[in-house]
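Please take a moment to look through the sequence and the 3D structure shown here before reading on.

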Amino acid sequence: QVQLAESGGGLVQAGGSLRLSCAASGGTFSTRAMGWFRQTPGKEREFVAAIRWSGGSTYYADSVKGRFTISRENAENTVYLQMNNLKPEDTAVYYCARDRRVRPEHISRWHGQYDSWGQGTQVTVSS
């Protein structure tokens, strides 16, 4: 089974930027859509962004459109989340995940569609 490891989180002031990375190893990557989710204690896991297995096509939650960009480098087995103009409400643990389907036509925002998850990286945005 693929292993995912997130990195790049930290503490930033509102309006700042961070780039999260997710490195995959031990399993298939380039044939799977990838997604980013976030979670705050006491809340359900929230969809943030996803990208098609081959790149190009992306989908974002309304709350992050225009501020976040998901990308991937299949040769490096890595997916990224560039986060700009961060807001305090972006504070959460961010997780990357792999879609369970092989070369799916459409990407999904449903957490149940993803079968592998990283342990998360904390993002904290101060006012």
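This is a predicted model: local features need pLDDT of at least 70, side-chain atom pairs count only at pLDDT 80 or more; totals for chains, interfaces and linings use all residues.

**A walk through the chain**

At 33% relative accessibility, Glu 46 counts as partly exposed, where buried means under 20% relative accessible area, exposed means over 50%, and partly exposed lies in between, with a 1.4 Å probe and protein chains only.

Residues are numbered from 1 along each chain as its sequence is written, and side-chain values use heavy atoms, with hydrogens and water left out.

We begin with the chain as a whole. Its secondary structure comes to zero helices and 11 strands, where helices (H or I, at least four residues) and strands (E, at least two) are DSSP runs, numbered from the N terminus. The C-alpha trace spans about 40 × 30 × 25 Å along its principal axes. For 127 residues, a compact globule would have a radius of gyration near 14 Å, and the 13 Å of this chain agrees with that; the radius is taken over C-alpha atoms, and the globule rule is 2.2 Å times the number of residues to the power 0.38. Of the 127 residues, 44% count as buried. Contact means heavy atoms within 4.5 Å, and of the contacts with a separation of 6 or more, 60% are accounted for by residues 24 or more positions apart.

Glu 6 is buried yet has no salt bridge, and the nearest side chain of opposite charge, Arg 45, is 7.6 Å away. In this count Lys and Arg are positive and Asp and Glu negative, while His and the chain ends are not counted; a salt bridge is a side-chain nitrogen of Lys or Arg within 4 Å of a carboxyl oxygen of Asp or Glu. Not counting residues up to four places away in sequence, Glu 6 touches several others, among them Cys 22, Trp 36 and Tyr 94.

Ile 70 lies in strand S7 (residues 68–73), and Ile 70 counts as buried because its relative accessible area is 4%. Leaving aside neighbours within four places in sequence, Ile 70 is in contact with residues including Met 34, Trp 36, Ile 51, Tyr 80 and Leu 81. Ala 75 lies in the loop between S7 and strand S8 (78–83), and with a relative accessible area of 77% Ala 75 is exposed. The C-alpha atoms of Ala 75 and Ser 30 are separated by 8.1 Å, although the two residues are 45 residues apart along the chain.

Ser 116 has its place in strand S10 (residues 114–117) and counts as buried, at 3% relative accessibility. Its side chain makes a polar contact with the side chain of Asp 115 at 3.5 Å. A polar contact is a pair of N or O atoms within 3.5 Å; within protein, one must be able to donate a hydrogen and the other to accept it, and residues adjacent in sequence count only if both atoms are side-chain atoms.

Finally, we come to the charged pairs. Side chains of opposite charge can pair when their charged atoms come close. How many salt bridges does the structure hold? It holds seven salt bridges. In one of them, Asp 62 pairs with Lys 65, the closest N and O atoms being 3.1 Å apart; Asp 62 is exposed at 63% relative accessibility, whereas Lys 65 is partly exposed at 47%.

Asp 115 forms a salt bridge with Arg 98, with the closest N and O atoms 3.1 Å apart. This pair links distant parts of the chain, since Asp 115 is in strand S10 and Arg 98 in strand S9 (residues 92–99), 17 residues apart. Asp 115 is partly exposed, with a relative accessible area of 24%, while Arg 98 counts as buried at 6%. Salt bridges that share partners join Arg 38, Glu 46, Arg 67 and Asp 90 into one network. Within it, the side chains of Glu 46 and Arg 38 meet at 3.0 Å, N to O, and Arg 38 is buried, with a relative accessible area of 6%.
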